Amino acid sequence: PKGWYQYRIHFYTSVDISPEALFQFGEQEVARVKAEIKRLQAQLGYANDSASFYRHLQSDEFYITDKAEVLRRYEEIKTVAYANAGKLFKDTDIADIAFMEWANADRFTPPGRYEPVDNNPNGVAVFHFNFFGNRHNSRVMDWMFIHEVVPGHHYQWDMFTRLPEQPDFKRHFSYPGNFEGWAAYVEYLGKDIGLYRDAYAELGKWEWDLVRSTRILIDVGVHHFGWTKDEALACWKKHVAGQDEIAEREVVRCTNWPAQALSYKVGAWRIEQMAEWLKKENPAAFSLPAFHRAYLMTGQAPMEVVEKNIELFLSE
């Protein structure tokens, strides 16, 4: 039923938006991300040869097969991101994090996930990376660290634990549009914290952004327009080049988890809109670090609530 899907949209995004508007947003984002990929494709010397470009991206040179090297690289990325956090944030005393292979990962396992300190008996937060098949794609490392660790989930969770005392009930709620939106939003700020240092690292971010953008079309297509599985797969193949191996996984995910995939891009979009609005309201006083702190200090609240109250936190 359409009312049921509208409820799911609001549940996962905490934004009042119609399926038709979401589909249009997804189309706009797919086009925007494809343009960024084309830009990098040309920069890397493959402007007029997409076939060779995508064959090159599948080559073994992008896969790290030594787990110790994966761990070393994540530690190095952490050092850079932590050192540059002050460019975007007022709060730079960030709790440590450990890196660990994702146990029992398989070909359907995502590239990585965050485990907050509360879930770990060792007293430290953990980032689990997918090392299935004894290999890890180097192009996912920068954007995934940003999304899962700093300034993404780990940073937001760390700031959340430092909030002033709140009613107990508030600590038992979370809103995907808020936390997945935040983690997707900060991926666009990778160069500001010293990452995306080469075109391939930046390309990895846009490759996954295309996955998220196409998910919007598939999610709305399946649950609002009544697409079949074959139609959803056709949408994937139309828009996402070089990632056929995860097409089935992504279509099944959108089908079995209605509207969850919307939370990333919709949340990031609303955070960008908030920043643009506040900057327009008072351009002389606007500060990105102050805006970021205000957003995080609102705690885990629906996006609509954050939008109405963020100005109250700007002076704190």
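Let me begin with a definition: rings of Phe, Tyr and Trp, the last taken by its six-membered ring, pair if their centres lie within 6.5 Å, and the pair counts as stacked when the planes are under 30 degrees apart, as edge-to-face when they are over 60, and as tilted for the rest. With that in hand, Tyr74, Phe99, Phe127, Phe129, Phe131 and Phe145 form one aromatic cluster.

Before I go on, please keep in mind that this is a predicted model, in which local features need pLDDT of at least 70 and side-chain atom pairs count only at pLDDT 80 or more, while totals for chains, interfaces and linings use all residues. Residues are numbered from 1 along each chain as its sequence is written, and side-chain values use heavy atoms, with hydrogens and water left out.

Now to the overall picture. The protein has 13 helices and five strands, where helices (H or I, at least four residues) and strands (E, at least two) are DSSP runs numbered from the N terminus. Buried residues, meaning those under 20% relative accessible area with a 1.4 Å probe and protein chains only, as against exposed at over 50% and partly exposed in between, make up 53% of the 316 residues. Taken along the principal axes, the C-alpha atoms fill a box of roughly 55 × 50 × 45 Å.

If we leave aside neighbours within four places in sequence, Tyr295 is in contact (heavy atoms within 4.5 Å) with a set of residues including Gln156, Trp182, Ile271, Met274 and Ile310.

Back to the aromatic rings, of which the structure holds 22 pairs. Phe99 and Phe127 make an edge-to-face pair, at 6.1 Å centre to centre and with 80 degrees between the planes. Phe99 lies in strand β2 (residues 97–101) and Phe127 in strand β4 (residues 125–129), so this pair ties together parts that are 28 residues apart in sequence. Both Phe99 and Phe127 are buried. The rings of Phe286 and Phe291, by comparison, have centres 6.2 Å apart and planes at 35 degrees, so that pair is tilted. Phe286 counts as partly exposed because its relative accessibility is 22%, whereas Phe291, at 0%, counts as buried.

Charges also meet rings here, and a charge sits over a ring if NZ of Lys or CZ of Arg is within 6 Å of the ring centre and within 35 degrees of the ring normal. The charged end of Arg139 sits over the ring of Phe62, 4.7 Å from its centre, and that of Lys205 over the ring of Tyr188, at 4.1 Å.

Finally, the backbone. Most residues other than glycine have a negative phi, and most peptide bonds are trans. Ser14, in the loop between α1 (2–13) and α2 (19–43), has a positive phi of about 50 degrees although it is not a glycine, and this residue counts as buried at 3% relative accessibility. Ala259, in the loop between α10 (247–256) and α11 (262–281), has a positive phi near 80 degrees and is buried, with a relative accessible area of 0%. The peptide bond from Val150 to Pro151 is cis, with omega near 10 degrees, and Pro151 is found in the loop between α5 (141–148) and α6 (153–160).
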